[in-house]
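Here are my notes on the model, as numbered points. Please read them beside the sequence and the structure.

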Amino acid sequence: MSVLVYTESEKGNYKKNAFEVASYAREVADKMGTDVIAISFHADESETLEKYGVSKVLNVTDPAYQTFNAKAYASALGEAARSENASVIVISSSTDAKYMAGILAGELEAGYATNVVAAPESTSPLVVKRTAFTNKGFMYTQLNAALNIIGVSSNAFGTRENPVAGKVEGFSPTVNNDHFTVKSVEIDQVVGKATIADADIVVSAGRGLKGPENWGIIEELADVLGAATACSKPVSDLGWRPHGEHVGQTGKPVASNLYIAIGISGAIQHLAGVSSSKVKVVINTDPEAPFFKAADYGIVGDAFQVVPELTEKLKEFKAQNA
Amino acid sequence: MKILVCISNVPDTTSKINFTADNTKFDTTGVQFVINPNDEFGLTRAMWFKEKQGAEVHVATVGDSSVEPTMRKALAIGADEAIRVDAVPLDGLFVARQLAEVVKNGEYDLILAGRESIDYNGGMVPGMMAAMLNINFVNTCISLEVDGTVARAEREIDGGKEVLETSLPLIIGGQKGLVEESDLRIPNMRGIMMARKKKLSVVPPVEASSGSEEIKFERPAPKGEVKLVDAENLDELINLLHNEAKVI
Ligand SMILES: Cc1cc2nc3c(=O)[nH]c(=O)nc-3n(C[C@H](O)[C@H](O)[C@H](O)COP(=O)(O)OP(=O)(O)OC[C@H]3O[C@@H](n4cnc5c(N)ncnc54)[C@H](O)[C@@H]3O)c2cc1C
Ligand SMILES: Nc1ncnc2c1ncn2[C@@H]1O[C@H](COP(=O)(O)O)[C@@H](O)[C@H]1O
């Protein structure tokens, strides 16, 4: 028996969520009295996972697995799960992990819970707490299959150091051409900038900004904070911002430590998608805006005055606290 | 081309979510049910394939008879036929198995499902179906073109997008972006009248296992009062975020 964890990397470097899922897997393994085995694809410095309680890393270095392919990766994870006799597989909530895990669960006839926000309530039976109804509620799901997959919500569990002695091994899953029939032909990705999925801070703006030409102040604020930028649905519908920035019930979920909402009224569909952010700050001219009821800190004021001034003050703050 | 749109029946996005007194079930009292928004994008794209490429469009839902009004709405929007698998959805694995059976029997070329249902947010059914049927799958799909049996799809990735090429038969986990917001259709009177005459077949479920069950629900903890900070005193906000909330 073991707990298998899928630790994602980008250009060889582990993503932040890799350490979070490894920490989570360690917690599950402790409760079950077993070990954590990680599977990585073309990752460098796999030893770093030992710090988070991983006893063995299976590192796949076959060129066929150089770039993410959902079906091939799912099949590799399935093989690793079998060879390591895993009873639980832990994955993140990244777009790739979710894409891969549906296929994996179908192949393995596994029990599968997504958006899990806490360590299991119990491991026998295996019960996990997850968000449902787009954060309007929580659900306790009991996973009953012989092998179960837990998808951990980002920023929910955090990273926990738990050093163990570990080793890194090469792993060569079978390469089957049938697994590569969905081919990537082009990737258009912003590099070196925080993404909504893994940013600690997200700066988001709505229709209150009046037009796309005014987004400079939002980007500057995001820059000082090292934050990702996001927007409300009408803003992306109007083409002021790309669709990928739309957050909410029908957009991306946000689970950052800090969410700053500027000129966003706080419609129920918007709130649902962002409410698992830990701290929310609202800047809005209208003291009656519904968002204030869901916020931790609020400023009743004009974004065009408040935001540039806040950016300046944050620059000073950062300079002093560097 | 024969298309199947998988539709889950979910509470309207504005619904207040309540649970039964013992918190073991979702309380549907007073809740308005709609086509899952992610599936509505798929259905709208299917209508485009119907009108531009002569595709035949069926919709399928796994559910008891209470889901039929939502299925009729899909027919009123323009789907040609509907299939209801007569079973209460137990979990993703169970639903995927039922839908895989519908796909096999109907020999569909393109299966449009959604990235996730907005009720349980499982995000698992389309991928599971793809594994069960061993056919191509693209998730978080934001654009789809089909030419013969060749498909070109775009999917959202964290921080951008990826263009993919593959072939039919193909399963899509669709989301916003798949069609323009302005292309979404509200059924008109003629559509509604026609929908009454369209075929809605009810089929029994196949034997299938489930991998999980819901044991209880919980409401989010009530939110404390917002702390208002004067717009003239932004140093105070920075102080609070640094020393109290500890997020900067
Ligand atoms: C099925 C469905 C799904 C949906 N899904 C989503 C979703 O996923 N995400 C989402 O965001 N929405 C979603 N919506 C839309 C949602 O209902 C709201 O319409 C939307 O969130 C409103 O966007 P907004 O707050 O930017 O604009 P508005 O509601 O127009 O609010 C603008 C705000 O800006 C403030 N303001 C104006 N000027 C200034 C200024 N100078 N400085 C500061 N503040 C100012 C105003 O007081 C107002 O509160 C959905 C709707 C439906 C029907
Ligand atoms: N009961 C159901 N009947 C038909 N399709 C469903 C059902 N449940 C889920 N789906 C499809 O699977 C997608 C993802 O759902 P889920 O995995 O439940 O989040 C939905 O957008 C639908 O397309």
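Where is the place of B:P169 in chain B? Point 1 takes this up, after a word on conventions. The model is predicted, so local features need pLDDT of at least 70 and side-chain atom pairs count only at pLDDT 80 or more, while totals for chains, interfaces and linings use all residues. Residues are numbered from 1 along each chain as its sequence is written, chains are lettered from A and ligands numbered from 1 in the order in which they are written, and side-chain values use heavy atoms, with hydrogens and water left out.

1. Cis peptides. B:P169 sits in the loop between β11 and β12 (170-174) of chain B. Helices (H or I, at least four residues) and strands (E, at least two) are DSSP runs, numbered from the N terminus. The bond from B:L168 to B:P169 is cis, with omega near -5 degrees. In chain A, a cis peptide bond links A:S124 to A:P125, with omega about 5 degrees. A:P125 belongs to the loop between β8 (122-123) and β9 (126-132) of chain A.

2. Positive phi. A:N135 is a residue other than glycine with a positive phi, near 70 degrees. A:N135 lies in the loop between β9 and β10 (137-143) of chain A. Most residues other than glycine have a negative phi, and most peptide bonds are trans.

3. Interface extent. Chain A gives 84 residues to the contact and chain B gives 73 residues (contact: heavy atoms within 4.5 Å). The buried area is about 7000 Å², with 57% from carbon and sulfur atoms. That area is the accessible area (1.4 Å probe) that two parts lose on being put together, summed over both.

4. The rule finds eight salt bridges between chain A and chain B (a side-chain nitrogen of Lys or Arg within 4 Å of a carboxyl oxygen of Asp or Glu). One of them pairs B:K176 with A:D237, the closest N and O atoms being 3.3 Å apart. Also across this interface, 48 residue pairs are in polar contact, both at pLDDT 80 or more. A polar contact is a pair of N or O atoms within 3.5 Å; within protein, one must be able to donate a hydrogen and the other to accept it, and residues adjacent in sequence count only if both atoms are side-chain atoms. On the side of chain A that touches chain B, helix α3 (residues 95-108) of chain A supplies the largest share, nine residues.

5. Strand β13 (residues 183-189) of chain A and strand β11 (residues 160-167) of chain B run antiparallel, joined by six bridges. A:E186 has B:V163 as its bridge partner in β11(B). Strands pair if DSSP finds at least two bridges between them.

6. Six strands form an open sheet with parallel pairing, in the order β15(A)-β14(A)-β16(A)-β17(A)-β18(A)-β15(B). β15 (228-231) of chain A and β15 (227-228) of chain B stand at the edges, each with a single partner strand, so one side of each has no neighbour in the sheet.

7. Ligand 1. This ligand lies between chains A and B. A polar side-chain atom of A:Q269 is 2.7 Å from an oxygen atom of ligand 1.

8. Ligand 2. Among the 20 residues around ligand 2, those nearest include B:C6 and B:D39. A polar side-chain atom of B:D39 is 2.4 Å from an oxygen atom of ligand 2.

Note on methods:
Near = heavy atom within 4 Å.
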